[in-house]
Amino acid sequence: MLGDIGTLVLQGAMISAIYALIAIGFTMIFGVGGILNLAHGALIMAGAYIFGILVRETTVSWIALHPAIAFPVTVVAVAVLSWGLYQVLVRWVEDNVVITFLATVVVAVASTELVIYLFGDTPMGMTLISGALNLEPFGINARPRYVQFAGFVVSWIAIGLLWFYITKTDDGRSILAASMSERGAQLTGVDLHSVRAKTWLIAGALAGIAGIFLGSTGSATPLMWLNPLALAFIIVVIGGIGSIKGSVVAAYFIGFLEQFTVTFVGQGFRGILSLVVLAIFLLYLPQGLYGREFVHD
Amino acid sequence: MTDTILDIQDLNVYYGKSHALQGVSLSIEQGEIYGVIGPNGAGKTTMLNAVAGFIDYEGTIRYDGTDLSTVSGREIVESGLIYCTENRDLFPFFSVHENLLMGAQFRDDRDAVQDDLDMVYDLFPRLDERREQEAETMSGGEQQMLAVGRALMSDPEVLMLDEPTLGLAPVIIEDIGEALTTLNEEEGLTILLAEQNSTFALRHADRLSLIETGEIELAGTHEEFHDNEYVREAYVGVH
């Protein structure tokens, strides 16, 4: 029993950290531009595949990079990809909510086809950090992998940097301001397009990090964008659409809930409880836990 | 000889098929308070929105000699043409102080920003008392003061105010009017005031225009407006 709780806490904290990264990017893009980016999962998938290609010797032997180099390269690549998606496609259609919605769906679906075309549908494994910690001497029947610890630490570093940026720098505060009032931001001289482009860049970087950890704790597959996208939706609704704090809190809530279900109920029920919670929130607290702090008007 | 700071020539705005502004021309001179009065829907806000670059228009708008269609929103703000909208557009979950600082976000001279902060808090003691309060939780009058304060933090040459008295109690309207007079007389601020509240506009403006259904019906000095029969009967309500 004690061992189970230990496992639950460890695994829950580590998976939640990744969920938080996924949800923050999704909620920022909605909070500032009012756009539901259904290609958010595809960017996470891009992170996993780009990292996989860079570190695996079997894909292209001469570019096999050390993971410590491949990691930042991947994050930058996905950030630029996300920024490019906004500049090339989304910004031209963003005034029409339905077209924007459909455009991001098309990108998401096309990403699966592209991945199958390029890499086939066999899962691609990859290694960021190998090895695991043996906790049995401490009475905890779990062997958390070092990569999971790394995910937890990197997630909090990223969240900390983001928090500093949007609350302490003029540049970042203009993002927060634009999420509260776009017209207000314009009145003080903020260029909305550049603010939105920045949120896509940031969301892309966070998606890249999440993709690397999802890929290296599991593997990269052509449909791996679906689950993170669904999670982002659930977490963002529970946390309050547009709220960064809400996303972090709800990510941990959902992460622990899933882990609780896996530990005490069974692997097959992993997603069910989250959906039940989502339904309860939609019915009784549709604005979410912190649905006021970061709201698009 | 006075200097024209804001020059609007033959301004036309269309909303679909409706011709919202029909060849409006206005010249605002440096240091004056210029009032634009007229009924709801006449086109006052449309005119200000065009000057701020928020909507497409035909015609020429020059500010300090520069054609505004060639500059970005940020350049307009940095050159000192600041707009205070009718619904204020504050940042609801920022504090009073944070809202004010947002107005100065592109200014580099820290000392000048601090001086302007002191000036705003001095001008509106209610804001000083509520520095840490979130904008959302304040009364309409306080929000209007904050909107003007935020605009002042952008170091304006010309302040465009849309309906600053709308929905406010008479005592608050008086405070706002007093602040505008102070700013105009002591800081040399040029003010373009769009108001349905003709009494307020007449009391403070040096020159005025009357806009009805997208056209300027009448333009003149404070005295001319004050003595005009039509204005008195239709807009001021004194006979």
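Contact means heavy atoms within 4.5 Å. Axes are lines fitted to C-alpha atoms, and angles run from 0 to 180 degrees between N-to-C directions. The model is predicted.

**Exercise 1. Work out which strands pair with strand 8 of chain B, and in which sense.**

Step 1. Strand 3 (residues 33–37) of chain B runs parallel to strand 8 of chain B, and the two are joined by five bridges. B:Ile33 has B:Ile191 of strand 8 as its bridge partner.

Step 2. Strand 7 (residues 158–162) of chain B also pairs with strand 8 of chain B in the parallel sense, over five bridges. Opposite B:Leu161 stands B:Leu193 of strand 8. The path from strand 7 of chain B to strand 8 of chain B goes through helix 7 (residues 170–186), and this β-α-β crossover is right-handed. A further bridge partner pair is B:Asp162 with B:Ala194 of strand 8.

Step 3. Continue from strand 7 to strand 6. Strand 6 (residues 81–84) of chain B is joined to strand 7 of chain B by four bridges and runs parallel to it. Here B:Leu81 is opposite B:Val158.

**Exercise 2. Decide how far strand 7 and strand 8 of chain B are covered.**

Step 1. The cut-off for a buried residue is under 20% relative accessible area.

Step 2. In strand 8 (residues 190–195) of chain B, six of the six residues are buried, so the strand is largely enclosed by the rest of the structure. Both faces are covered: B:Thr190, B:Leu192 and B:Ala194 are buried on one side, and B:Ile191, B:Leu193 and B:Glu195 on the other.

Step 3. Strand 7 of chain B is mostly covered, with five of its five residues buried. B:Val158, B:Met160 and B:Asp162 point one way, B:Leu159 and B:Leu161 point the other way, and all are buried.

**Exercise 3. Classify the packing of helix 6 of chain A against helix 5 and against helix 8 of chain A.**

Step 1. Two packed helices are described by the angle between their axes and the distance between the axes. An angle of 65 to 115 degrees counts as roughly perpendicular.

Step 2. Helix 5 (residues 146–168) of chain A packs on helix 6 (residues 170–180) of chain A at an angle of about 85°, and the axes are 5 Å apart. Helix 5 of chain A is therefore roughly perpendicular to helix 6 of chain A. Residues in the contact include A:Tyr165 and A:Ile166 of helix 5 and A:Ile175 and A:Leu176 of helix 6. By class, the residues of this contact are four nonpolar, two polar and four charged.

Step 3. For helix 6 and helix 8 (residues 192–217) of chain A, the axes come within 10 Å and cross at roughly 105°. Helix 6 of chain A is therefore roughly perpendicular to helix 8 of chain A. Among the residues in contact are A:Ser174 and A:Ala178 of helix 6 and A:Val195 and A:Ile202 of helix 8. This contact divides into five nonpolar, two polar and two charged residues.

**Exercise 4. Locate B:Asp64 and B:Thr213, and state the phi and accessibility of each.**

Step 1. Most residues other than glycine have a negative phi.

Step 2. B:Asp64 has a positive phi, near 55°. B:Asp64 sits in the loop between strand 4 and strand 5 of chain B, and is exposed with a relative accessible area of 55%.

Step 3. B:Thr213 is not a glycine either, and its phi is positive at about 40°. B:Thr213 belongs to the loop between strand 9 (207–212) and strand 10 (215–221) of chain B. With 60% relative accessibility, B:Thr213 counts as exposed.

Conventions
Residues are numbered from 1 along each chain as its sequence is written. Chains are lettered from A and ligands numbered from 1 in the order in which they are written. This is a predicted model: local features need pLDDT of at least 70, side-chain atom pairs count only at pLDDT 80 or more; totals for chains, interfaces and linings use all residues. Side-chain values use heavy atoms; hydrogens and water are left out. Angles under 35 degrees count as roughly parallel, over 145 as roughly antiparallel, 65 to 115 as roughly perpendicular and the rest as oblique. Ala, Val, Leu, Ile, Met, Phe, Trp, Tyr, Cys and Pro count as nonpolar, Asp, Glu, Lys and Arg as charged, and the others, Gly among them, as polar. Buried means under 20% relative accessible area, exposed over 50%, partly exposed in between (1.4 Å probe, protein chains only). Two strands pair if DSSP finds at least two bridges between them. A crossover is right-handed if, with the strands pointing away from the viewer, the path from the first strand over the helix to the second runs clockwise.
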